[in-house]
Each structure stands twice: as C-alpha cells, then as structure tokens.
Amino acid sequence: MTVMVCEDTVEERETLCFLVKRFFMDINCPVKIVAYENGESLLKDWAANPAGSVKIIFLDIYMAGMSGIEVARKIRETDGDVAIIFITSSRDHGLDGFSVQALQYLLKPVGYAEVESALNKCVKVFFDSIAFMEVLSDRLTVKVLLKDIMYIEVFNHACLIHTVSETLKCYRPLDEVDRQLRGMGARMFLRTHRSYIVNMRYIDDAADSDFLLKNGMAVPIRKKDKLVIHQAYRDYLFSMLRGL
C-alpha cells in the first residue's frame, strides 16, 4: 500500500513520515511512504500511479504554489476513494474539506496520537485488503494475506492454514493464532470449534451444526456455544450490509 505525504516544511514532512511509518509497523502492515514538498510534484506522480494503488494522502493546506485544497480537488477528478487527510494550522477550511470528502483535519503540531486516530479510520476501510500474518511453515517465513485465508484447523498436532491457493502447516497452538487475529482487529474470523477458525467472508450457508464454505468444506460449530456462534455470524453479516 502506498501513502503520499505532501508538506513543504522539511522538518514537519520528516516527522509526519516517521509517525506514519511507526503506525504501520505497529500493526504489522507493509507500507510505501512517498514524500513531496509541493502539490505540483505530487500530482505529477499521481498521474503516473496505477489507479487505486495510493490509499492515503496527507496534504498540507498552506503551501507555496498549489494549496492542499487545490491538489485535493484535482485528485477527486479521477479518484473518489483515496483517503485525504489535511494537515493545517487553522480550521478555516472546513467547508472546503467537506467538498473534497476529506477524512480528517490534523492541527499542527501533529503528534502520534492524532496520526494514529486518522489512520485507524483508514485501516477500518482498507484492513481486509492489506492485513497479513507471518507463518513459519517448512522452516520458511511466509506472509499470508488475511483476506486469502478460508479457514484454519488443527490436524495431527499441526495448525493447517487453508488459503484460496494453498495449505500452510505450522506448529503454533490454535489459541495463539486466535489471539493474534483478535489482536490485529481481524473481525472476519470466528472461532467455531476448539479445532477450527473460519473466515466468515467464505461462508456460503449456515446450518445448525456447521458452516458450509464456498469451496464445499463443512466447518463444525461447537455444540454448547452454537447460539453465540450463530449470533456472531449474523452480527458480521449485518455489519457488512451497513458497511461498518
């Protein structure tokens, strides 16, 4: 994922890049940060990037040459989805920010708490497509996108991670994997059984005692907790419908 940072003051630009990098390191997410000293150079690169490759743009409002608002208007001519976060020393541009669908304003001097708050909003939108976990499989460290994991099961004392393209074997307790996914905020995963975790985006049908996945696999539901598990799945479907 690419993040663009446009700030004409060297010190503030370097600080902002550091804070953005820190955030993505904390959530174990790879990121490419590209910094610019003016809006004109950003727009030149913007035109050369594949559509959708840039997910987040930090824009200083008061810059020599084009202002951040002017840059944002140019960006919105071709992309309505990229998250725009304004950096400013004044709140006077609130209505302008609304017109270009700005996600948030950060007032200078910008600290980590403000950057973290803004990026957490972005991650809620982009999480499914960018989040990954590292798995030690056959003595190799493999990065696995969470969106590609269909389900995880315990078999012969090994943890099998079934993805859309392969099955990875690792020797970690399922409880530990479950805690990691929860800690990452991966809301699409559900512990259905002491030996199974399922990615709810791959559930095709919900029966009384199991979930039928889109690949035909039936994942069992723990009998004593089936009402709670079914309710969790219904809550997930509702949140997807509402875009939460």
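1. Two strands are taken as paired if DSSP finds at least two bridges between them, and strands (E, at least two residues) and helices (H or I, at least four) are DSSP runs numbered from the N terminus. On that basis, 5 strands form an open sheet with parallel pairing, in the order β2-β1-β3-β4-β5. Its edge strands, each pairing on one side only, are β2 (32-36) and β5 (104-107).

2. Please keep in mind that this is a predicted model, in which local features need pLDDT of at least 70 and side-chain atom pairs count only at pLDDT 80 or more, while totals for chains, interfaces and linings use all residues. Residues are numbered from 1 along each chain as its sequence is written, and side-chain values use heavy atoms, with hydrogens and water left out.

3. Within the sheet, β3 (residues 54-60) and β4 (residues 83-88) pair in the parallel sense over 5 bridges, and Ile56 has Ala83 of β4 as its bridge partner.

4. Helix α1 (residues 10-26) lies across β1 (2-6), β2, β3 and β4, and runs at about 170 degrees to β2; helix α2 (residues 39-48) lies across β1, β2 and β3, at about 160 degrees to β1. Contact here means heavy atoms within 4.5 Å, and angles, from 0 to 180 degrees, are between N-to-C directions of axes fitted to C-alpha atoms, for helices over the stretch in contact.

5. The lining of the second largest pocket takes at least two residues from each of α2 and α3 (68-76), with the largest share, 3 residues, coming from α2. A pocket is an open set of points on a 1 Å grid over the protein atoms alone, where a 1.4 Å probe fits, with protein on both sides within 12 Å along at least five of seven lines, and lining residues have an atom within 4 Å of a point. Of the 14 lining residues, Trp46, Ala47, Asn49, Thr78 and Asp79 lie nearest the centre of this pocket.
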